[in-house]
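Here's a quick tour for anyone meeting this structure for the first time. Have the viewer open and follow along.

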There are 2 protein chains.
Amino acid sequence: MATILIVEDEADIRELVRFHLEREGYAVLEAADGPEGLEKAQTHLPQCVILDVMLPGMDGFEVCRRLASGETTAQIPVLLLTARGEEVDRVVGLSLGADDYVVKPFSVRELMLRVKAILRRTEQSRRAPTLNRNGIILDGVAHCVSVNGEMINLTATEFRLLEDLMRHPGAVRTREQLLNTVWGYSFEGYARTVDTHVRRLRQKLGDKADMVETVRGVGYRLHA
Amino acid sequence: MATILIVEDEADIRELVRFHLEREGYAVLEAADGPEGLEKAQTHLPQCVILDVMLPGMDGFEVCRRLASGETTAQIPVLLLTARGEEVDRVVGLSLGADDYVVKPFSVRELMLRVKAILRRTEQSRRAPTLNRNGIILDGVAHCVSVNGEMINLTATEFRLLEDLMRHPGAVRTREQLLNTVWGYSFEGYARTVDTHVRRLRQKLGDKADMVETVRGVGYRLHA
DNA sequence: TGGCACGGTTACAATTCCGTGACAAGCGAT
DNA sequence: ATCGCTTGTCACGGAATTGTAACCGTGCCA
């Protein structure tokens with residue numbers, strides 16, 4: 001499941017949060033100061049960072065800024081822990097790119113909900129190695145596809161075609177777009193080739209065949 | 001820029017928030033109760049909804065639930081306004097799919113920052129050129145159109161025609177202009193062809209048919 | 001009031017578009 | 001070499017789409 005990094009100098013708070021996060025099934029990394037937090041963020045690329053603003057040495061804002069400017073770490077959502085009533089701090093934090101904050105002393109339950117909310121928001125945009133839409137599951141690593149739990153056997157071309165459609169659920173893909181991504185830019189052939197492969201794909205999809213919709217005069221689309 | 005809907009029964013709070021939102025450059029819609037808020041959300045698809053929990057009649061949680069279960073409105077982020085200290089409410093709200101909350105009485109500055117944070121988070125996924133005028137929603141990526149929340153089925157030509165009109169709301173488009181952009185410069189045909197397609201389009205638009213206005217002697221125009 | 005220009009409406013034939021089946025070339029394994 | 005599988009192309013046919021023409025309704029102007 002998701003990995004979460006907590007950067008906090010007070011050990012008892014780290015333990016408290018770790019305990020609850022692990023009970024929810026998350027993997028937890030700890031760091032006691034800013035530099036350690038930055039380094040663990042860069043090496044482990046957690047799905048979320050819980051970051052105390054008051055840190056010895058480098059403060060949380062500086063960590064936040066450096067995370068946002070790093071190429072690999074810019075996408076990691078940050079949840080700030082601030083002291084009560086420091087509205088100025090919150091303002092600075094949010095404008096620095098933090099995704100959310102919680103005021104200390106905080107309700108653990110609320111913190112968990114906020115972490116979940118952040119992960120829920122980001123997991124949609126993150127590219128999943130296995131795609132799953134309405135009973136069609138495509139595993140890019142194992143290179144296999146199941147429909148309603150039953151494995152089906154796709155050829156390489158059919159697999160890439162389905163993959164492209166599933167990566168753009170609800171979006172129309174023109175024959176040219178499909179030829180470019182599935183067959184490659186060097187392919188110089190008949191656009192109707194796509195049709196034939198769509199037909200073969202639909203055949204193998206069985207009762208989920210109508211998930212692949214025809215948009216007449218435009219192209220094909222995976223039902224959203 | 002972005003459109004924001006505020007659902008709040010107290011008119012002075014609506015005005016206060018509207019004033020600051022408009023100063024930031026946002027377009028603002030107002031609704032005084034839950035049903036009105038739902039309806040405006042469905043027809044205008046704002047980029048964000050600011051929703052008071054305490055509403056006469058249908059409360060904010062119910063509005064939130066219905067927004068989340070609607071196909072077109074599920075993606076709209078919701079920012080809840082709750083009364084001080086009602087942690088139970090916050091928890092319920094966040095688990096219902098609200099993206100954030102602010103406790104009343106709130107700092108306007110903080111509210112603005114939270115709205116900006118929400119918009120920043122969602123604008124990445126909102127890159128899609130979806131046009132929206134008065135209940136007619138045209139999604140260029142999915143290549144589909146909905147009127148009052150109901151999907152309608154347009155042919156490719158009808159779609160391009162509506163797209164051109166919606167890209168120029170309130171502006172008259174002559175038949176020649178339409179022929180050039182919708183049919184392409186190479187088209188050499190009868191200008192009255194446009195009329196036939198306008199008619200077919202109006203038929204499918206149902207009670208929104210009069211959004212496509214005739215400007216006698218000039219061309220057609222989408223009602224502003 | 002009548003004529004006229006313009007757009008709405010209807011009908012229809014031509015065309016386009018897509019699903020389907022068939023087929024041959026390519027390719028790897030046996 | 002032979003077989004089986006994959007893949008690209010093609011032709012046919014049905015269905016949806018589209019352009020055109022003819023006819024009708026309405027507003028405008030003298």
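Which residue just after helix 7 of chain B takes a positive phi? That would be Gly184(B), with a phi of about 95°. One thing to keep in mind as we go: this is a predicted model.

## Helix 7 of chain B and its buried face

Let's stay with helix 7 of chain B for a moment. Its buried residues are Leu178(B), Leu179(B), Val182(B) and Trp183(B). Look down the helix axis and you'll find these buried residues within an arc of 100°, so they line one face of helix 7 of chain B.

What do they pack against? In chain B, the partners of these buried residues are helix 6 (156-167), strand 10 (172-174), helix 8 and strand 12 (219-222).

## Where two helices meet

A pair of packed helices is described by the angle between their axes and the distance between the axes. Here, helix 7 (residues 175-183) and helix 8 (residues 193-205) of chain B pack at about 75°, and their axes are 10 Å apart. Because angles of 65 to 115 degrees count as roughly perpendicular, helix 7 of chain B is roughly perpendicular to helix 8 of chain B.

Who makes the contact? From helix 7 of chain B come Arg175(B), Leu178(B), Leu179(B) and Trp183(B), while helix 8 of chain B brings Thr193(B), Val194(B), Asp195(B) and His197(B).

## A covered strand in chain B

Elsewhere in chain B, take a look at strand 5 (residues 100-104). This strand is mostly covered, with 4 of its 5 residues buried. Strand 5 of chain B pairs with strand 4 (residues 78-83) of chain B in the parallel sense, over 5 bridges. To spot the pairing on screen, find Leu80(B), which stands opposite Tyr101(B) in strand 5 of chain B.

## The four-stranded sheet of chain A

Now hop over to chain A. There you'll find an open sheet of 4 strands in the order 6-7-8-9, paired antiparallel. Strand 6 (130-133) and strand 9 (150-152) of chain A are the edge strands, each pairing on one side only. On average, neighbouring strands of this sheet are turned by 20° against each other, direction ignored.

Zoom in on one pair: strand 6 and strand 7 (residues 136-139) of chain A run antiparallel and are joined by 4 bridges. Within that pair, Leu131(A) stands opposite Leu138(A) in strand 7 of chain A. Helix 6 (residues 156-167) of chain A lies across strand 6, strand 7 and strand 8 (144-147) of chain A, at about 110° to strand 7 of chain A.

## The three-stranded sheet of chain A

Chain A also has an open sheet of 3 strands, in the order 10-12-11, with antiparallel pairing. The edges are strand 10 (172-174) and strand 11 (212-215) of chain A, each pairing on one side only. From one strand to the next, the twist averages 35°.

How many bridges pair strand 11 of chain A with strand 12 (residues 219-222) of chain A? There are 4, in the antiparallel sense. Val215(A), for instance, has Gly219(A) in strand 12 of chain A as its bridge partner.

Helix 6 of chain A turns up here too, lying across strand 10, strand 11 and strand 12 of chain A at about 70° to strand 12 of chain A. Helix 8 (residues 193-205) of chain A packs on this sheet as well, touching strand 11 and strand 12 of chain A, and its direction makes about 145° with that of strand 11 of chain A.

Definitions and conventions. Residues numbered from 1 in each chain as written. Chains lettered and ligands numbered in written order. Predicted model: local features only at pLDDT ≥ 70, side-chain atom pairs only at ≥ 80, totals over all residues. Heavy atoms only, no water. Buried < 20%, exposed > 50% of the residue type's maximum accessible area, 1.4 Å probe, protein only. Helix = DSSP H or I, 4+ residues; strand = E, 2+ residues; numbered from the N terminus. Pairing = 2+ DSSP bridges. Axes fitted to C-alpha atoms, helices over the stretch in contact; angles between N-to-C directions. Parallel < 35°, antiparallel > 145°, perpendicular 65-115°, else oblique. Contact = heavy atoms within 4.5 Å. Arc of directions from axis to C-beta.
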